Amino acid sequence: MKTKVGVFFGGRSVEHEISVISASQAINAFNKDNYTIVPVYITKNGIWYTGEALLDLEKYRDTDALLKQCEEVYMKPVYNDLNLYRKKKKIFGNDIVTEIDVALPVLHGTNGEDGVLQGLFELTGIPYAGCNLMSSANGMDKIVMKMILRECGIPVIDYVWFTDKEWFSNKENLIDKIEQKIGYPIIVKPANLGSSVGISAASDRESLITSIEQAEKFSDRIIAEKRIVAIREINCSVLGDYSENETSVCEEPIKSGDILSYADKYMNGGKSSKGMQSTKRQIPADLSTEISDKIRSYASDTFRVLSCAGVSRIDFIMDESNNEIYVNEINTIPGSLAFYLWEATDISFEKLMDKLIKLAFKRKREIEAKTFSYDQNIFDLSGGIKNGSKF
């Protein structure tokens with residue numbers, strides 16, 4: 001029998017359109033002799049739809065017309081209920097649209113890559129590909145990620161973090177702290193967004209204020225980092241889980257300015273986007289074997305200490321003045337699922353999809369082998385528990 005894969009994409013995120021493109025690429029990569037694909041599109045308002053029309057990327061030019069060809073659906077947060085339900089109930093028959101064997105989340109950014117959707121999957125007990133709730137949340141938050149990596153001896157660039165409330169109430173002291181600890185030039189980022197959204201550089205106090213005011217529009221947590229001037233940006237993908245993983249060849253994205261921008265990643269030459277496939281890049285990156293091996297080792301370690309699973313892409317910064325290497329961020333659901341890096345490592349997109357689904361079922365088996373509750377009912381113990389009793 002074919003495995004029925006629910007591919008979830010879209011979502012309430014500034015990376016919504018990129019998610020649609022990545023999902024379309026992933027869907028087309030599946031071997032349809034082995035898999036039945038159930039597309040689940042989440043609108044920018046958080047409403048779920050399914051239907052064959054969602055498989056045609058061209059139809060997203062007119063979303064209203066597209067959704068008229070689809071059916072609104074939802075899942076129940078009930079363990080072992082793996083069904084998609086139709087919102088508009090039929091007069092006759094049941095309300096189940098279909099059952100899903102395994103879920104593949106392809107949502108970038110907030111409300112997807114950050115663990116929100118994974119939490120629902122864990123409530124329902126459905127096997128799902130990729131990072132779990134904890135590793136998704138830790139990987140998405142640049143502040144928490146850097147804290148964990150630094151604790152584990154993995155190099156990260158010096159930083160100062162703060163909240164938007166702290167910025168509004170204690171602006172001058174924060175500026176002084178940033179200037180004293182890391183100094184100019186500085187990169188300012190929202191703590192929990194990807195795709196270079198809300199990121200900008202600052203070379204003095206005036207531009208620092210402007211950069212922070214831009215970043216706080218996207219997140220309530222902001223991070224300011226020391227900017228490496230003689231910079232090379234190198235990426236490496238990791239595939240596997242916390243117990244065993246493999247790394248891809250490295251790539252070097254080509255940026256048009258000081259920072260690899262959203263347009264550099266997704267709008268190559270101003271043409272319609274093909275997701276991360278649009279990025280100008282050199283694969284493999286022109287690196288010595290020693291440096292390439294070091295980056296791949298750091299990538300594997302980062303994946304492991306964050307307890308990741310599935311496929312991720314770790315982005316590095318290399319200081320050409322001294323060849324120091326730093327982990328910049330991890331993308332736990334990378335654009336285009338980083339298939340281009342695996343094709344360059346002799347793993348086809350189709351095989352990558354197979355591996356992701358197998359990893360999802362492997363994790364499900366491991367979870368079921370653990371204990372989550374005791375058979376003993378404390379309410380049946382001798383004497384019972386009285387109202388107001390202390391534990």
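1. Start with helix α1: its buried residues (buried being under 20% relative accessible area, with a 1.4 Å probe and protein chains only) are His-16, Ile-18, Ser-19, Val-20, Ile-21, Ser-22, Ala-23, Ser-24, Gln-25, Ala-26, Ile-27 and Ala-29. That makes twelve of its 14 residues, so α1 is largely enclosed by the rest of the structure.

2. A word on the basis. This is a predicted model, where local features need pLDDT of at least 70 and side-chain atom pairs count only at pLDDT 80 or more, while totals for chains, interfaces and linings use all residues. Residues are numbered from 1 along each chain as its sequence is written, and side-chain values use heavy atoms, with hydrogens and water left out.

3. The length of α1 (residues 16-29) checks out: at 1.5 Å a residue it should span 20 Å, and its end C-alpha atoms are 20 Å apart. The expected span here is 1.5 Å times one less than the number of residues. Helices are DSSP runs of H or I with at least four residues, strands are E runs of at least two, and both are numbered from the N terminus.

4. How do α1 and α12 (residues 349-368) pack? Their axes are 8 Å apart at an angle of about 95°, and the two helices are therefore roughly perpendicular (that label covers 65 to 115 degrees). Gln-25, Ala-26 and Ala-29 of α1 meet Phe-349, Glu-350 and Met-353 of α12, contact meaning heavy atoms within 4.5 Å. By class, that contact has four nonpolar, one polar and one charged residues.

5. On to α10, which has 17 residues and reaches 24 Å from first C-alpha to last, close to the 24 Å expected at 1.5 Å a residue. Its buried residues are Ile-291, Ser-292, Ile-295, Ala-299, Ser-300, Thr-302 and Phe-303. The cover over them includes α5, β12, β13, β15 and β16. After α10 comes Ser-307, with a positive phi near 60°.

6. Thr-302 sits in α10 (residues 289-305) and counts as buried because its relative accessibility is 0%. Not counting residues up to four places away in sequence, Thr-302 touches Leu-149, Ile-154, Ile-314, Val-327 and Ile-330.

7. Finally, Glu-71 in strand β4 (residues 71-74). Is Glu-71 buried or partly exposed? Glu-71 is partly exposed, at 28% relative accessible area.

Technical notes. Buried < 20%, exposed > 50% of the residue type's maximum accessible area, 1.4 Å probe, protein only. Axes fitted to C-alpha atoms, helices over the stretch in contact; angles between N-to-C directions. Parallel < 35°, antiparallel > 145°, perpendicular 65-115°, else oblique. Nonpolar A, V, L, I, M, F, W, Y, C, P; charged D, E, K, R; others polar.
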